[in-house]
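Please find below a colleague's note, arranged as numbered points. It is meant to be read with the structure in view.

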Amino acid sequence: MMKNQIKSVLRNKSNIIYIFTFVILFAILNVALTIRPLVDQYFDNIVEEYSNTLQTQLNKISSYENIKIDELAKTIQISKELTDEQKTEIENIKHVERLEIQKIDLEGEEVHIQYLYLDDWKNFEYVNNRLDALGISGSPAVLDEQILESYSTIRNIANTIQYLLIIVSLLVIIVCCRNIVKNEQKNIKLLQIFGYKKSKIKQILFVEQITMLIIGLIFGIVLYELLYFLLVHEMLNISVENNAVMMVAINAIIILLPAFLSIHIKTLKS
Amino acid sequence: MSKIEIIDGNKEYVKNKEKIKILENINLKFESGKLYGIVGESGAGKTTLLNIIGTLDSFTSGKVLIDGQDVIQLKEDDRARLRMEKIGFVFQEFYLNPNMTVEENIEQPMFINEKYDKTSRRERTSKLIETVNLTPRRKHFPKELSGGEQQRVAIARALANEPDIILADEPTGNLDKENEKRIFEMLQSLSKGGKCVIVVSHSSKIEEYADQVIKL
C-alpha cells in the first residue's frame, strides 16, 4: 500500500516542485548550521597567523623570548606612571597612534596603566627600542581589542543569521508540507470512502511527507557539500569541524516536525 | 445478501440561521439482487440520500438499517469498516487517482482488507480488469483513458472488496450514449448477480434498467 502511495506522490508533478524547494531549504539550513563554526575557525586562523608572525618578530628581541604568544598584540603596556613631558615624547614616537591611560582601583589604591597603540604590530620592535632609550620599559599587552571586538560583533551577526535561516527554513518547510496535504484532499476523501480509518490515512500522509523530505534532505546535503567544498574549502581555505550530532538532530527535527504538523490539518477533522 | 431499510429519515441544514429541509420522512427498503434508480430534480436530496446510505453523511433524525444494524449509531471507525466490507461507490467524476495506474487504482481499496494477501490481491485485480475489459490498459494512467474506460475502472474499483451494495451517483453523467448504455448494462448485471445496486441518475434511461425507480 505504502509503495503505491509513495509512487503516486512522486509521480505528481506539483510535488516535484516541493521536493526541489526542500533540496534548496536543506542546503540553506546546513549552510546556516556551518556559519558559526566557520566564523570561529576564521578568527582562530587570524589569531594564529597573527601570533605566529608576532612570535617571529619577537624572537629578534631576546628579552621577550619566553613570553606566551597568545598574550601578544600590537599594544604596549606601560605600568609606570608617566610625566606630562614623557607622555608628549611618547606620542611623538613614529608609529604610535595614541596613548591611553586606564585607571584601576586596587583595594583603594589607584593604579595607572598606560596603553600605547601602534599603527602596526610589526613596528613593535622599533617603538620598544625608542621607549628603552627614554628609560621607560614596556611589555606587550593582551590580544588586540579590535580583533576581539570585531570577532564578537561578527559572531553575534553569524548567530542571528544562523537562527533566522533555521527558523525561515522550518517555516517554509511546514507551509510546503501543509500545502502538499491540502493538495491530497481528494485522495484523502477517496481513502475515507474506501473505508480507511483516520489513523491509517494519517500514517500514509506521514510516510509520504517523510519520503519527500528525506529525498529533499539527501539532495540538499549533496548541494551543501558542493557549496562548502567550492566556497569554504577552496576559496577561504578553511576546514570547519561541524558538530555532527547537532546537525543530525536539527535535520531530523526539521523533517519530523513539519510532517507531524501537516497531518493534523482540518481536512482530516471532518 | 444485504438489506437496507430507511425509517423516518429527515435531513436538514442550517444556513444563515435558517433551516433548510433536504429530505423529509423518507421510508425506503432496498434488497439484494435489484437495481434501484433514484430520480428527482436538482436539490431534491438524491446525492445526500446516497451519502447517508453509504455512511458518509447522516440523517438529522431517523434510522438507516443495513442488515438490521443502525449505521448512524456506529462509531466512525466501525462505519469505515462497514464501508470497506459492504459498500462500493461509483461517482460521476470517476475520482480515480491520476497518479496511479489502472491496476493500482483498483488495488487501492483492497490494501485494508485482511482477507487479501499480496497474491490474492493481484489475482483479484487482474480478474476485475478482465471483467471490465481493460486488460490491455492495466498499466495506463487515467488521463490516457476515455471517459467510459475511466468509469469502468471506477466500477472495478467499487467491486474490489466484493461489496453487497453498490452506490452510484450519476455514473453516466459524463458519458456519451454508447458508454451510458454499457455502464447501465454493467450495473444491471451486477444486480442480477445478487448485489443491491442503487443509482442516482438524471438520465431517463435508468427507467429501462431499474427494477424500481424512486422519485424524490
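**Notes on the sheets and their helices**

1. Strand β6 (residues 87-91) of chain B runs parallel to β7(B) and is joined to it by five bridges. Within this pairing, Phe91(B) has Asp169(B) of β7(B) as its bridge partner. Helices (H or I, at least four residues) and strands (E, at least two) are DSSP runs, numbered from the N terminus, and two strands pair if DSSP finds at least two bridges between them.

2. This is a predicted model, in which local features need pLDDT of at least 70 and side-chain atom pairs count only at pLDDT 80 or more, while totals for chains, interfaces and linings use all residues. Residues are numbered from 1 along each chain as its sequence is written, and chains are lettered from A and ligands numbered from 1 in the order in which they are written.

3. How many residues of strand β7 (residues 165-169) of chain B are buried? Five of its five residues are buried, where buried means that 20 or more other C-beta atoms lie within 10 Å of the residue's own, exposed that 12 or fewer do, and partly exposed in between, with C-beta atoms placed from the backbone. In a regular strand the side chains alternate between the two faces of the sheet. In β7(B) both faces are covered, with Ile165(B), Leu167(B) and Asp169(B) on one side and Ile166(B) and Ala168(B) on the other.

4. β7(B) also runs parallel to strand β8 (residues 196-200) of chain B, again through five bridges. Here Ile166(B) stands opposite Val197(B) of β8(B). With helix α6 (residues 177-192) of chain B, β7(B) and β8(B) make a right-handed β-α-β unit; right-handed means that, with the strands pointing away from the viewer, the path from the first strand over the helix to the second runs clockwise.

5. These strands belong to an open sheet of five strands in chain B, with the order β6-β7-β8-β3-β9 and parallel pairing. β6 and β9 (212-215) of chain B each have a single partner strand, so one side of each lacks a neighbour in the sheet. On average, neighbouring strands of this sheet are turned by 15° against each other, direction ignored. Axes are lines fitted to C-alpha atoms, for helices over the stretch in contact, and angles run from 0 to 180 degrees between N-to-C directions.

6. At the β9(B) end, strand β3 (residues 35-39) of chain B is joined to β9(B) by four bridges, the two running parallel. Tyr36(B) stands opposite Gln212(B) in β9(B). α6(B) packs on the sheet, touching β3, β7 and β8 of chain B, and its direction makes about 150° with that of β8(B); contact means C-beta atoms, placed from the backbone, within 7 Å.

7. A second sheet of chain B is open and has four strands, in the order β2-β1-β4-β5 with antiparallel pairing. Its edge strands, β2 and β5 (69-70) of chain B, each pair on one side only.

8. Strands β1 (residues 3-15) and β2 (residues 18-31) of chain B run antiparallel and share ten bridges. Lys11(B) has Leu23(B) as its bridge partner in β2(B), and Glu12(B) has Lys21(B). Their hairpin has two residues between the strands, and Asn16(B) takes a positive phi near 50° there.

9. β1(B) pairs with strand β4 (residues 61-66) of chain B in the antiparallel sense over five bridges, and Ile4(B) has Ile66(B) of β4(B) as its bridge partner. Helix α1 (residues 46-53) of chain B lies across β1, β2 and β4 of chain B, at about 60° to β2(B).

Note on methods: Two residues are in contact if their C-beta atoms, placed from the backbone, lie within 7 Å.
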